[in-house]
Amino acid sequence: REMAAQGGVEAAPRLARSDDPAVRLAAARLMHLLPDERHVAALEPLIADPDPDVAALAWRALRNQRRTPEWRALVQRIADGGPEERRAAAANWLTEN
């Protein structure tokens, strides 16, 4: 609650654009802990981040987001042609409620 009250939801997408992998990791953590429909677009590039820790946490954060049409569209893109190691999981997520 404290992170949300201090603007964590709003800050996360901005932090996700940082050149510093540690800052991007913090952004992915915030988005994991504070799901919000605004985070889907910010998570998309982080899923393919060159830093494997950022990419892994962004993937977990994506699963934790609200199932909006934007979320479904992104997960469908990943299932159809995203990273090979993510496709099956993305397809499974689409079958969940």
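The buried residues of α7 are covered by elements that include α5 and α6, where contact means heavy atoms within 4.5 Å. Helices are DSSP runs (H or I, at least four residues), numbered from the N terminus. The model is predicted, so local features need pLDDT of at least 70 and side-chain atom pairs count only at pLDDT 80 or more, while totals for chains, interfaces and linings use all residues. Residues are numbered from 1 along each chain as its sequence is written, and side-chain values use heavy atoms, with hydrogens and water left out.

Buried means under 20% relative accessible area, exposed over 50%, and partly exposed in between (1.4 Å probe, protein chains only). In α7, Arg86, Ala90 and Trp93 are buried. Seen down the axis of α7, these residues fall within an arc of 55°, so they line one face of the helix; the arc is that of the directions from the helix axis to the C-beta atoms.

Helix α6 spans residues 69-81, and its 13 residues reach 18 Å from the first C-alpha to the last, close to the 18 Å expected at 1.5 Å a residue. The expected span is 1.5 Å times one less than the number of residues. The buried residues of α6 are Trp71, Leu74, Val75, Ile78 and Ala79. They cover an arc of only 140° around the axis, which puts them on the same side of α6. Their cover includes α4 (39-47), α5 (52-63) and α7 (84-95).

|---|---|
| α6 | Pro69, Glu70, Asp80 |
| α7 | Glu84, Ala88, Thr95 |

**The nonpolar core**

A nonpolar core is a set of buried Ala, Val, Leu, Ile, Met, Phe, Trp, Tyr and Cys residues joined through side-chain atoms within 4.5 Å. The largest one has 25 residues, of which Met31, Leu43, Leu46, Trp59, Leu62 and Ile78 touch the most other members. Helices α3 (21-33), α4, α5, α6 and α7 each supply at least two residues of this core, and α5 gives the most, with six. Leaving aside neighbours within four places in sequence, Leu43 is in contact with Met31, Ala58, Ala61, Leu62 and Gln65.

**Val23**

Val23 is found in helix α3 and is partly exposed, with a relative accessible area of 26%. Not counting residues up to four places away in sequence, Val23 touches Leu15 and Ser18. Val23 and Trp71 are 48 residues apart in sequence and 23 Å apart in space, C-alpha to C-alpha.
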